[in-house]
Amino acid sequence: MPEKKIRIVTHSGTFHADELLAVASLELYFDGKPYEVVRTRDPEVIKTGDYVVDVGMVYDPAINRYDHHQKGGAGERDGVPYSSFGLVWKHFGEAIAGSPEVAQAIERKIVWPIDMGDNGVEVYQTVRPGLHPYLLHNVVMAYRPTWKEGEGQDVPFMELVAFMRRLLEREIRQETDKLAGYLLVEAAYHAAPDKRLIELDGQYPWHEALAKFPEPLYVVKPKHQNTGWEVECVRTDVHSFGNRKSLPEAWAGLVDGQLAEATGVLDALFCHNKRYVAVARSRDGALALAQKALNT
């Protein structure tokens, strides 16, 4: 006989990022086991759910109920209230992500912002009136039927569940590989004779790994697809465009022979106008550019 489907119940009507990600997380947790999603607000149907998310007014992990709309909510951590996604991730995130470190990284990167937005907590401040970042919430809104398209919500809901599952899979892979890369970057830092200049032999995720050390100013590393080497500035903040020390102003916007003439590095190819990255054909050329920048 075919295996009985696990039933996930969530609310009907307009869908939101939190229950979409909650359902996608459970799908990853089920790891191929058959399941179905029922979207309803009928209390009797809700009772039939093996897992209930974002509906039902109950938070009780002992019976797999993960709602946060009841009076008093469903708790918070570090001042961030839980949404249904946060509650599911709280109980299943580590098993889904494969380690507590990766689960915690996903928590801060994705879960917290979704929980905040769903609970009416400001996630960001605008820097220009009327201009906002394009968020995951906007992707969800794009899938909702317009006023001309009618009320059909279930098909786009399941399309988005598939998208959210793939997004989570990729973010878990990104964070898993990032943590492995951090170890290589930290080893390069400790091995560097001059802690202001860190040389890497691969495309490791270095920005956050080096941010905790005060000395690094420049990173020299191979470009993607073996198209040369580059020297890149360490940022004052990994989420900003400020540099601890920008490349020399005289290099800004120079290319090929212009940059080679200005620097004395024969295979220098390019320096960005914002002076955060310069490129040379060879490792020795990139190291020479970095040394000149240090001494300027």
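Q: What is the relative accessibility of Asp-256, and how does it count?
A: Asp-256 sits at 45%, so it counts as partly exposed. Buried means under 20% relative accessible area, exposed over 50%, and partly exposed in between (1.4 Å probe, protein chains only).

Q: What are we working with?
A: This is a predicted model: local features need pLDDT of at least 70 and side-chain atom pairs pLDDT 80 or more, while totals for chains, interfaces and linings use all residues. Residues are numbered from 1 along each chain as its sequence is written, and side-chain values use heavy atoms, with hydrogens and water left out.

Q: Back to Asp-256. Where is it found?
A: In helix H8, residues 256–263. Helices (H or I, at least four residues) and strands (E, at least two) are DSSP runs, numbered from the N terminus.

Q: What about the phi of Asp-256?
A: Phi is positive, about 45°, although Asp-256 is not a glycine. Most residues other than glycine have a negative phi.

Q: And Asn-64: what is its phi?
A: Near 60°, again a positive value in a residue other than glycine. Asn-64 lies in the loop between S4 and S5.

Q: Is Asn-64 buried or exposed?
A: Asn-64 has 18% relative accessibility, so it counts as buried.

Q: How do S4 and S5 pair?
A: In the antiparallel sense, over 2 bridges. S5 covers residues 65–66. Two strands pair if DSSP finds at least two bridges between them. Asp-60 has Arg-65 in S5 as its bridge partner.

Q: What does the open sheet look like as a whole?
A: The open sheet has 5 strands, in the order S2-S1-S3-S5-S4, with mixed pairing.

Q: Which strands stand at the edges?
A: S2 (35–39) and S4 (59–60). Each has a single partner strand, so one side of each is left without a neighbour in the sheet.

Q: Now Thr-10. Which strand is it in?
A: S1, residues 6–10.

Q: Buried or exposed?
A: Thr-10 has 0% relative accessibility, so it counts as buried.

Q: What is Thr-10 in contact with?
A: Setting aside neighbours within four places in sequence, the partners of Thr-10 include Glu-19, Val-37, Val-53, Asp-54 and Phe-157. Contact means heavy atoms within 4.5 Å.

Q: How many residues line the largest pocket?
A: The lining has 22 residues. Pro-113, Ile-114, Leu-135, Leu-136 and His-137 lie nearest the centre.

Q: Which elements give two or more residues to that lining?
A: H1 (17–30), H4 (100–118), H5 (136–143) and H6 (154–191). H4 gives the most, with 6 residues.

Q: What volume has the second largest pocket?
A: About 270 Å³. Its lining includes Arg-170, Asp-177, Tyr-182, Trp-206 and His-239.

Q: Which elements supply at least two residues there?
A: H6 and H7 (207–211). H6 provides the largest share of the second pocket's lining, 6 residues.

Technical notes
1 Å grid on protein atoms, 1.4 Å probe; cavity = no way out; pocket = protein on both sides within 12 Å on 5 of 7 lines; lining within 4 Å. Points joined across faces, edges and corners; volume = space filled by probe spheres on them.
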